[in-house]
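Here are a few notes to read alongside the picture. Have a look at it first, then work through the points.

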Amino acid sequence: MLPWKVYSAHTLSTWGDNMWWFAGGLYMMELAPENLRLTATYGLILSATVILLGATLGRWIDDSKRLTAARTCLMVQNVSVAICAVILSLYLHRENPEEWMRLATICLVIGFSAVAKLASTGNVIILQKDWIVVITGNDTHMLANMNSILRTIELTTYMLAPALVGQLFTFVGYVWTGVIIACWNLVSVCIEYLLLELIYRTHPELASKEFRNPNQTTNESKEDSEDTPKRPAQVLNVIQNFYQAWKFYFQHPVRNAGLGLALLYMTVLGFDNITYGYILTQRIPESVLGILVGGSALIGVLGSMAYPQIKKRIGMERTGLFGMFFLVSTSSLSVASLFLPGSPFLASGRPILEDSSDEFQWQSVATLLTGIIAARFGLWITDLTITQIIQEHVEEESRGTFNGVQDSLNNSLDLLKCVLVIFLPQPEQFGILVLLSYVAICCGWVSYALYSRQQRGHLFHFCRLVRHFSAPEVSNPKGTPPTNSNQLKSLEQIEELEHMI
């Protein structure tokens with residue numbers, strides 16, 4: 001039976017998410033249009049929030065009833081986004097706001113956005129990393145299909161929501177766009193709340209949950225029995241939980257796959273708030289930017305739809321290797337864009353933003369965008385592969401903990417990117433960020449390759465390749481073992497090399 005309630009809840013959730021995360025970056029540029037520093041600070045604080053509290057959030061999810069955790073994260077996320085949108089609309093509605101009002105608006109919006117980001121992380125862990133694993137049982141093919149459909153929904157809303165918001169910014173304005181986003185979140189939270197209730201009742205197995213071994217906790221039962229626990233004990237418990245969660249992650253066999261995914265977050269070669277800001281400095285209007293984001297999501301949808309078929313044909317680990325290879329190859333276009341006409345990287349300190357010439361060269365930004373958009377195909381194949389590896393290999397009672405640390409790692413690398421942008425905020429310095437991003441993507445490929453070799457014992461079947469290309473010299477009639485001593489020695493050397501690699 002088609003789990004339409006799961007897909008409907010995910011559609012509403014991701015639509016609201018993608019409306020706000022696109023709008024949030026543009027609002028930061030509206031509040032500080034002179035450079036990318038505020039936009040980077042905004043991203044940095046959001047990432048830091050998940051880094052500091054992600055592991056604790058994951059353990060709280062592990063220790064909470066499924067429906068209680070889902071309700072809490074849903075309400076906190078949607079209400080926080082609505083508050084942000086209202087504050088921005090009220091501020092931008094004033095004609096000549098004072099400086100203290102601008103600073104207060106920035107602080108409030110970033111604060112509530114950080115809360116919304118943490119709650120959104122919780123929603124992802126609950127629905128995509130736990131609930132659907134329980135719903136699909138031991139059917140890995142069904143799990144792969146559900147992962148693919150959920151990611152397709154996410155990318156479809158990522159394609160359509162920014163395109164709509166971009167048009168709203170252009171034709172309605174920043175004030176009314178904020179009002180529309182706030183209203184959407186308040187209506188959406190009611191429908192999502194009802195859908196979660198229906199999902200929980202439709203799948204009674206969700207009510208049965210394995211909790212962590214008491215030996216892995218730090219006197220939880222004792223602390224729960226105390227009416228007024230001492231604050232030092234609470235602080236110590238949080239620190240111990242944090243340490244145990246990270247220790248568990250780095251001792252887990254799928255660690256290298258997770259690290260490979262995390263390294264992909266240290267990049268400006270994707271459509272995030274920083275890249276939005278840079279593209280706007282290259283004279284791309286908001287409406288066109290929204291359409292470009294939609295185009296990148298469409299390529300991602302194709303990748304997510306192709307994932308189950310590729311996995312079925314070549315296996316899980318090889319699918320991840322293919323996705324990483326495609327990602328690295330297409331990202332090379334973005335590196336090449338730095339050396340084409342129109343690139344601020346070649347401006348040698350000229351004030352790009354003040355250039356009033358009508359003859360603007362589009363080669364560089366067009367090639368950059370082509371590389372970013374094409375890379376989405378490999379990125380989402382890689383993401384789905386590693387997501388399912390984690391789903392299948394992490395124990396039920398520890399899914400929240402592992403995924404909480406994974407999200408913390410992801411955001412740690414995203415935070416590093418934001419720090420770099422704060423120190424390199426000018427458009428002509430964006431090329432340095434592109435080069436560092438490409439290095440991080442390549443390191444992610446290496447990390448995943450180490451996991452693949454650990455699981456399969458090798459990366460490539462060199463023995464089969466050599467047998468194929470040197471058939472006249474080495475091969476024998478079908479079913480006949482090699483009799484020549486040189487043939488035996490050659491095959492032994494090839495197999496030894498294959499095992500080493």
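1. A salt bridge here is a side-chain nitrogen of Lys or Arg within 4 Å of a carboxyl oxygen of Asp or Glu. By that rule, the count comes to 9 salt bridges. Keep in mind that this is a predicted model, where local features need pLDDT of at least 70, side-chain atom pairs count only at pLDDT 80 or more, and totals for chains, interfaces and linings use all residues. Residues are numbered from 1 along each chain as its sequence is written, and side-chain values use heavy atoms, leaving out hydrogens and water.

2. Take glutamate 396 and arginine 66, whose side chains meet in a salt bridge (2.9 Å, N to O). The two are 330 residues apart: glutamate 396 sits in the loop between α13 and α14 (399–423), arginine 66 in helix α3 (residues 66–93). Arg66 and Glu396 also belong to a salt-bridge network with Asp130 and Arg399.

3. Aspartate 383 and arginine 151 make another salt bridge (2.0 Å, N to O). Aspartate 383 is in helix α13 and arginine 151 in helix α5 (residues 140–171), so the pair ties together parts 232 residues apart in sequence. Aspartate 383 is buried (under 20% relative accessible area; exposed is over 50%, partly exposed in between; 1.4 Å probe, protein chains only), at 8%.

4. Arginine 376 belongs to helix α13 (residues 363–393).

Key:
Helices (H or I, at least four residues) and strands (E, at least two) are DSSP runs, numbered from the N terminus.
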